[in-house]
Amino acid sequence: MTAVSLDTIAEDLRDPSLQLESALEGLDITEATSLTHDLQMDSLALVDFIVFLEGKYDISVADERLASVDTIGDVVALVNDLVAGGESLVNG
């Protein structure tokens, strides 16, 4: 599988099942976009997003890896690492 881009993850955020339309309205998604501050994701919304990504990209995110995900850039790095079969932690 080819690398997952920032644009691809930004499009994934727009999936209606995630119910993030109001948080995304008028927001420019960048690698620095915060999941909790900019997208107003609480812990349940973050888990929903990760479960969505796990299904779409056929990956499994361990809880300890989820704890290191704060920004869209972290999500892109995590998904690419897992798609490639990596074991390293995001930001560590």
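Reader: What is the mean pLDDT of the protein?
Author: The model is predicted, so confidence comes first by way of pLDDT, the predictor's score for each residue from 0 to 100. Over residues 88-92 the pLDDT is below 50, and beyond near neighbours in sequence this stretch has ten contacts in the model. In the protein, 91% of residues reach 70 or more, and the mean pLDDT is 90.

Reader: In what order do the elements run from the N terminus on?
Author: The protein has five helices and zero strands. From the N terminus on, the order is α-α-α-α-α.

Reader: Is α1 oblique or parallel to α3?
Author: Helix α1 covers residues 6-13 and helix α3 residues 43-57; their axes lie 11 Å apart and pack at an angle of about 120°. Roughly perpendicular runs from 65 to 115 degrees and roughly antiparallel starts over 145, so an angle between these ranges falls in the remaining class. That makes the relation of α1 to α3 oblique.

Reader: How many residues of the contact of α1 with α3 are charged?
Author: From α1 the contact takes Thr 8, Ile 9, Asp 12 and Leu 13, and from α3 it takes Phe 49, Phe 52, Leu 53, Lys 56 and Tyr 57. By class, six are nonpolar and one is polar, while the number of charged residues is two.

Reader: Which residues of α5 make the contact with α3?
Author: Helix α5 spans residues 72-83, and the axes of α3 and α5 come within 11 Å and cross at roughly 35°. The crossing is right-handed. The contact has six nonpolar, no polar and no charged residues. On α3 the residues are Phe 49, Leu 53 and Tyr 57, and on α5 they are Val 75, Val 79 and Val 83.

Reader: How many nonpolar residues does the contact of α1 with α5 have?
Author: The axes of α1 and α5 are 10 Å apart at an angle of about 110°, and the two helices are therefore roughly perpendicular to each other. Leu 6, Ile 9 and Leu 13 of α1 meet Ile 72, Val 75, Val 76 and Val 79 of α5. No polar and no charged residues take part, and the number of nonpolar residues is seven.

Methods: Residues numbered from 1 in each chain as written. Predicted model: local features only at pLDDT ≥ 70, side-chain atom pairs only at ≥ 80, totals over all residues. Heavy atoms only, no water. Contact = heavy atoms within 4.5 Å. Axes fitted to C-alpha atoms, helices over the stretch in contact; angles between N-to-C directions. Helix = DSSP H or I, 4+ residues; strand = E, 2+ residues; numbered from the N terminus. Parallel < 35°, antiparallel > 145°, perpendicular 65-115°, else oblique. Nonpolar A, V, L, I, M, F, W, Y, C, P; charged D, E, K, R; others polar. Left-handed = near helix turned anticlockwise from the far one by under 90°.
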